[in-house]
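Hi everyone, thanks for coming. Let me put the sequence and the structure up so that we can walk through a few spots together.

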Amino acid sequence: METHNFSIEFFPPKTAEGAEKLRAVRAKLSELHPKYFSVTFGAGGTTQTGTLDTVREILAAGEDAAPHLSCVGGTRASIRAILNEYKSHGIKRIVALRGDLPSGYGASGEFRYANELVEFIRAETGDWFHIEVAAYPEVHPQAKSPQDDLLAFERKVKAGANAAITQYFYNADAYFNFVEQTQKLGIQVPIVAGIMPITNYTQLMRFSDMCGAEIPRWVRLKLASFGDDSASIKAFGLDVVGSLCERLLAGGAPGLHFYSMNQAAATTALWQRLV
């Protein structure tokens, strides 16, 4: 476990009750000693203060934390201000993303792609931040082709990214194929596999439709067959995702990034299978 890069993702709570619940979840997950926690960021800066508040709490508790920074709708001045604020709080890691385009949103804004954001962070702050970027083993839903998507990833790495975290997936071959393709381009950065625990069938279908992650047919049919039996869904999900994690690590994945959905149980159960 120690040689791998394990990290856990949260989203900023929207209410005081949510913040309280997240503190309890974080306390449980801290016992797993992840390398860092990451905290997501809403498009157009909607949750920017929530992101910073959550990150500061994590740092204050003695853990490492990485805010996500989305550049959609951002200006050089607004992103510069955020970077300076992050630096002033001693934040050393950042997950740099383009972010989701709001519906009807054209290519306006000063940053169109994540590689431009990475380039800007490096120009403004040098080596201060360890920068993670996104990778898409099953191809970004808006990419023109797999090759285009690969070249977009290469641009982000060349702009100064230190490592990458993938969108979640349930097909290990897609991940290994993607890594092989990047290596052919001479890309050497670690590509950490994003892991989404399976705990809720409807929610998983909704997320996967939005982000283009494929749920294998046999997994989908099996999950659907359980109906409202959430205990069976969770037990089956733990087996499917646990086996996936084992295969990824055995095949050379440098680490796993767990999309916790601000819950502790599923990530903890997966983690314990891997120890």
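Predicted model: local features only at pLDDT ≥ 70, side-chain atom pairs only at ≥ 80, totals over all residues.

Residues are numbered from 1 along each chain as its sequence is written, and side-chain values use heavy atoms, with hydrogens and water left out.

Let's begin with helices H3 (residues 76-88) and H4 (residues 114-125), which pack at an angle of about 55° with their axes 11 Å apart. Helices here are DSSP runs (H or I, at least four residues) and strands are too (E, at least two), numbered from the N terminus. The axes are lines fitted to C-alpha atoms, for helices over the stretch in contact, and angles run from 0 to 180 degrees between N-to-C directions. H3 and H4 are therefore oblique to each other; angles under 35 degrees count as roughly parallel, over 145 as roughly antiparallel, 65 to 115 as roughly perpendicular, and the rest as oblique. On the H3 side, the contact (heavy atoms within 4.5 Å) includes Ile 79 and Leu 83, and on the H4 side it includes Phe 120 and Ile 121. By class, that contact has five nonpolar, one polar and four charged residues. Nonpolar covers Ala, Val, Leu, Ile, Met, Phe, Trp, Tyr, Cys and Pro, charged covers Asp, Glu, Lys and Arg, and the others, Gly among them, are polar.

Now for the second pair. Helix H9 (residues 230-250) packs against H10 at about 45°, with the axes 10 Å apart. That angle makes H9 oblique to H10. Among the residues that meet are Leu 238, Val 241 and Cys 245 in H9, with Leu 270 and Arg 273 in H10. Here the classes come to seven nonpolar, two polar and three charged residues.

While we're at H10 (residues 265-274), have a look at Thr 268, which sits in this helix. Is Thr 268 buried or exposed? Thr 268 is buried, because its relative accessibility is 19%, and buried means under 20% relative accessible area, exposed over 50%, partly exposed in between (1.4 Å probe, protein chains only). Not counting residues up to four places away in sequence, Thr 268 touches Leu 29 and Leu 32.

Most residues other than glycine have a negative phi. Met 261, though, has a positive phi of about 55°, and Asn 262 has a positive phi of about 60°. Met 261 is partly exposed at 25%, whereas Asn 262 is buried at 6%.

Another loop, between helix H7 (201-211) and helix H8 (217-225), holds Glu 214. Glu 214 is partly exposed at 45%. Leaving aside neighbours within four places in sequence, Glu 214 contacts Glu 138 and Tyr 170.

Last, the cysteines. How many disulfides does the structure hold? There are zero, counting a pair of cysteine sulfur atoms within 2.5 Å as a disulfide. For Cys 71, the nearest cysteine sulfur is that of Cys 211, 19 Å away. The closest cysteine sulfur to that of Cys 211 is in Cys 245, and at 17 Å it is too far for a bond. Cys 71 is buried at 0%, and Cys 211 is buried at 16%.

Thanks, everyone!
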